[in-house]
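Subject: A structure for you to explore

Hi there,

Here is the structure I promised to pass on. Have a look around it first, and then read my notes below.

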Amino acid sequence: MSTGDESSGSADGDRLLVAEYALGLLDAVEHERLSQRLAIEPELRRELSLWRLRLSSLDDEFAEAPAPAGVLERVEARLFPSAATPRRVGLWESLAFWRGLAAAGFAVAVVAVGFNLFVPRPLPTGEELVAALEAEGSSLKLVAFYDQRAGTVRIAALSGAAVPGKDYELWAIRGASPAVSMGVIPVDSKSDIRLTDALKRDLAPGTVLAVTLEPKGGSPTGVATGPIVAKGVAIPI
Amino acid sequence: MPQSTAEIADLLARTALRDRAAFRELYRRTSAKLFGVALRILKDRAEAEEALQEVYVKIWQRADRYAAGGYSPISWLVAVARNHALDTLRARRPVADDIDVAIEIPDLAPDPEQATIGRGERARIDRCLGELEGDKAEAVRGAYLDGFSYDELAVRHKVPLNTMRTWLRRSLIKLRECLSA
């Protein structure tokens, strides 16, 4: 499949693409790709707001339907947990826990992860980093946890779906250096990545972790070719 | 701005400031509309209920991004719900491999920046959809309001997929010309 050549597409082709995006007609890959372009191309964003604004006059036609009982309570329970129940043992092992956190909202999830991992330690050691990876327009959300002593990065996807015929690839970007691949990652299970010595040097507070959508097996060139579908900065916990 | 619109804008602003009472009131005032959106697009009560929950979590988290960029507050809320429901559908749908069906794209109208926004929008889109042939206007509405994919639209209108793509793309070009005129 072509990659990136759309960016040199004609202005009219772009406008059509944006109209399809606004209507929701693009498939997952096309949608992600345009989301990435929208993030950096103000002209496309202007075009999108035109369509959204104009189409929004159809919103009257969505008929109201009384919401089922209990939804607000569940939303509040997730957003404002009154009593956090710290657990430590086996936490990482529980995919249900991670999925539950996804439901709790991303920011909350990351704080909770930081909190739970932090509980038994007297002071932050600076040897552990955590990053929350997400991007506007993308449903993929991940948490990455780096344990310097073990030399591993653990990844858990909180939301997002596998794309047929594609793989997600994780990259580390330190400062202005080119992105270094950390390999292909699954989104339907947790995974541990054992770091090479070079990667260990690259991972430090402030390193950006990014996930791109690549051909099956990962980028064939060693350079990211697909759109960034999630990214975040590693911070010490 | 009608009074109710101003009130919703105010509730949204207070939600952005982490006012939980305002958030509850916002839910009370708008959840029926947003549930209606989720239900129409997802066509399944349990899924729509799940979506509604996610949508209000997002609204709480992103209320600060509502900046009245021409959008009414209720349109912004509808957009959050609609986009969430569409994301759910999209994640399930296959990715097209016949990436493109070439159609001739005539020149589009110039940049829309001068276009007036906000006055008689509803009348304008009705008039512009009215200028399309009946089937084609229906397809545009089906995509926007029901979240139908090209495949689903092709089946509903009993035309081949490529015909539907070509139809709809041509219609969008016409629609844009009319909307920015």
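To begin: what percentage of the 181 residues of chain B count as buried? The figure is 52%. Please keep in mind as you read that this is a predicted model.

**The overall build of chain B**

Written out from the N terminus, the order of elements is α-α-α-α-α-α-α-α. Contacts also tell us something about how the chain is arranged: taking those in chain B with a separation of 6 or more, 64% are between residues 24 or more positions apart. As for the surface, chain B exposes about 8900 Å², and 50% of that area is supplied by carbon and sulfur atoms.

**The disulfide**

How many disulfides does the structure hold over all chains? The count is one. Its partners are Cys128(B) and Cys178(B), with a distance of 2.0 Å from S to S. This pair links distant parts of the chain, since Cys128(B) belongs to helix 5 (residues 121-131) and Cys178(B) to helix 8 (residues 161-180), 50 residues apart. The link between Cys128(B) and Cys178(B) is left-handed, with -80 degrees about the S-S bond.

Are these two cysteines buried or exposed? Cys128(B) counts as buried because its relative accessibility is 1%, and the cut-off for buried is under 20%. Cys178(B) has a relative accessible area of 8%, so Cys178(B) is buried as well.

**Two loop residues to look at**

Next, some backbone angles. Most residues other than glycine have a negative phi. With that in mind, find Arg18(B), where phi is near 70 degrees, a positive value in a residue other than glycine. You will find Arg18(B) in the loop between helix 1 (3-16) and helix 2 (20-42) of chain B. Its relative accessibility is 43%, so Arg18(B) counts as partly exposed.

Then move along to Lys43(B), whose phi is near 60 degrees, also a positive value in a residue that is not glycine. Where does Lys43(B) lie? Look in the loop between helix 2 and helix 3 (45-62) of chain B.

Do write back with any questions.

Best wishes

Key:
Residues numbered from 1 in each chain as written. Chains lettered and ligands numbered in written order. Predicted model: local features only at pLDDT ≥ 70, side-chain atom pairs only at ≥ 80, totals over all residues. Heavy atoms only, no water. Helix = DSSP H or I, 4+ residues; strand = E, 2+ residues; numbered from the N terminus. Buried < 20%, exposed > 50% of the residue type's maximum accessible area, 1.4 Å probe, protein only. Disulfide = S-S within 2.5 Å. Contact = heavy atoms within 4.5 Å. Areas by Shrake-Rupley, 256 points an atom, 1.4 Å probe, with all protein chains shown as cover.
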